[in-house]
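Me: I'd like to go through this model with you, a piece at a time. Could you keep the answers plain and careful?

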Amino acid sequence: MALRINSFCVKDPKDPRTTRPHQLPIYATSSFEFESIEEGMEIFRHPEKGHLYARFANPTVDAVAKKIADLECHGLAIDDGFGIMTSSGMSAISTMLMSLCKKGDKILTQGNLYGGTTELIKKVFPNLGIEPVWVDLRNAGAVEEKLEKEKSISAIYFETPSNPALDCIDIETIAKLGRRKNIPTIVDNTFCTPVIQQPFKYDVDYVIHSTTKYLNGHGNGISGVIVGRGEEARRMVWSVMKLIGTNCNPFDAWLTNTGMKTLAIRMERHCTNALALAQFLEDHPMVASVRYLGLPSHENHTLAKKQMEGFGGMICFEVKGGYDAGLRFMNRNRIGSLAPTMGDVDTLILHPASMSHLNVDREVRLANGITDNLIRVSVGIEDIEDLKEDFDRALS
Ligand code: PLP
């Protein structure tokens, strides 16, 4: 049909593709066209048979989500893993918890989660009639007691290692306690990535990530993912994701895919650099203490060795002196960026007392080990000698 000029302009050109692109394309489309009304009806009836609307599913996002799920299940005898990418790590957590909890339910969790997660569970979920139950998840007896006493717990949510204190929780113990009571367990695996820690090895139900961090690795996108097992679980999480609209956009999923190509090699370097820097800081006269899971001085070193394949790229240390000594270090450090994120290729430094925990009461902060002079380092993949020299200069 010969179209007039306006009609001609609005039509999308035909896709001229002949051979398969070597790299995953970005499908920047909000919806998908059907060849016929019959095809449309079939896909509306069975959305798993085809794409229809990009909030429900998008080929770029689906491909990357599947790759993350395969990474979490890599080498394990699991063939029913699924991944659902979301718009951020926070939306992965909220979507996950909204999938599992209804009004009147409770979430069993630890006090030292990432600050955003704590706020979400403390301030937003109670408005939906879902309350937190706080417990030290390192204490199996205390967890058992809570599970016995509180009858409406419908999810056990934890983070290991925790942010920023780097405490480890025994995944196997918590997963077993959850199984015994038939309560799903969810692990935030952001700090480790599946290269270092695979919680499914210990039979947890779900793994979530802020893919904004190590999986992307380059600090140029915001996204998250939920990984689970089985078609029933997939449908449950997917329907909540599509209804609350926490879907990931294809560009950020694509950036995550590009980042993941070097994930294993980056993690290896993050780990070796972090260990070398932690050892250097432990011997430094201006450093009061160092927390790194790879140091035998860390109380969770043995547990980390058991459930992790490396000790990760995150370090915390205390500069000698108080709050001002912390600020001084931050301003004198040249190699680390003062950016409130982690897991990028370059070193990032954070002074929680003046940055991420500025609005947290000092007593609460101190009770969670976040002292005035504590510095968190997301150790990058730079040359280690440059890192050591600059940290030494900034401390002197
Ligand atoms: N989980 C952990 C451990 C985090 O550190 C963060 C953010 O820093 C999040 C979740 C939230 O991720 P996002 O910022 O992508 O929403």
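**Salt bridges, ligand and helices**

Reply: Starting with E231, this residue is partly exposed, with a relative accessible area of 44%; please keep in mind throughout that the model is a predicted one.

Me: Which residue does E231 pair with in a salt bridge?

Reply: The side chain of E231 meets that of R235 in a salt bridge, at 3.4 Å from N to O, and R235 counts as partly exposed, at 38% relative accessibility.

Me: Where do E231 and R235 lie?

Reply: Both are in helix α9, which covers residues 231-244, and they are four residues apart, about one turn of the helix.

Me: What about E42 and R45, where do they lie?

Reply: E42 and R45 both belong to helix α2 (residues 37-45) and sit three residues apart, about one turn of the helix. Their side chains meet in a salt bridge of 3.7 Å, N to O. E42 is partly exposed with a relative accessible area of 28%, whereas R45, at 53% relative accessibility, counts as exposed.

Me: Switching to the ligand, which residues come nearest?

Reply: There are 13 residues around the ligand, and of these M90, D188, S210, T212 and K213 come nearest.

Me: How far is the side chain of S210 from an oxygen atom of the ligand, taking N or O atoms?

Reply: For S210, a side-chain N or O atom is 2.8 Å from an oxygen atom of the ligand. The corresponding distance for T212 is 2.7 Å, again from an N or O atom of the side chain to a ligand oxygen atom, and a polar side-chain atom of N163 lies 3.0 Å from an oxygen atom of the ligand.

Me: OK, helices now. How many residues of α10 are buried?

Reply: Helix α10, residues 250-260, is mostly covered, since eight of its eleven residues are buried. Those eight are P250, D252, A253, L255, T256, N257, G259 and M260, and the buried residues of this helix pack against α3 (59-73), β1 (81-86) and α11.

Me: Which residue caps the N-terminal end of α10?

Reply: N249 provides the cap, with a side-chain oxygen that lies 3.0 Å from the backbone nitrogen of F251.

Me: And T246, is that buried or exposed?

Reply: T246 is buried, with a relative accessible area of 9%, and is found in the loop between α9 and α10. Leaving aside residues up to four places away in sequence, T246 touches M85, T86, S87, S91, T95 and M241. With T95 there is a polar contact between the two side chains, at 2.8 Å.

Me: Now α15: what should its twelve residues span, and how far apart are its end C-alpha atoms?

Reply: At 1.5 Å a residue, the twelve residues of α15 (residues 384-395) should span 16 Å, and the end C-alpha atoms are 16 Å apart, so the two values agree.

Me: Which residues of α15 are buried?

Reply: The buried residues of α15 are I384, L387, D390, F391, A394 and L395. Seen down the axis of α15, these buried residues fall within an arc of 135°, and therefore they line one face of the helix.

Me: Last one, where is the place of G115?

Reply: G115 is in helix α5, residues 115-124, and is partly exposed, with a relative accessible area of 32%. The C-alpha atoms of G115 and G310 are separated by 25 Å, the two residues being 195 residues apart along the chain.

Methods:
Residues numbered from 1 in each chain as written. Predicted model: local features only at pLDDT ≥ 70, side-chain atom pairs only at ≥ 80, totals over all residues. Heavy atoms only, no water. Helix = DSSP H or I, 4+ residues; strand = E, 2+ residues; numbered from the N terminus. Expected span 1.5 Å × (residues − 1). Buried < 20%, exposed > 50% of the residue type's maximum accessible area, 1.4 Å probe, protein only. Arc of directions from axis to C-beta. Salt bridge = Lys/Arg side-chain N within 4 Å of Asp/Glu carboxyl O. Near = heavy atom within 4 Å. Polar contact = N/O pair within 3.5 Å; in protein donor to acceptor, adjacent residues only side chain to side chain. Contact = heavy atoms within 4.5 Å.
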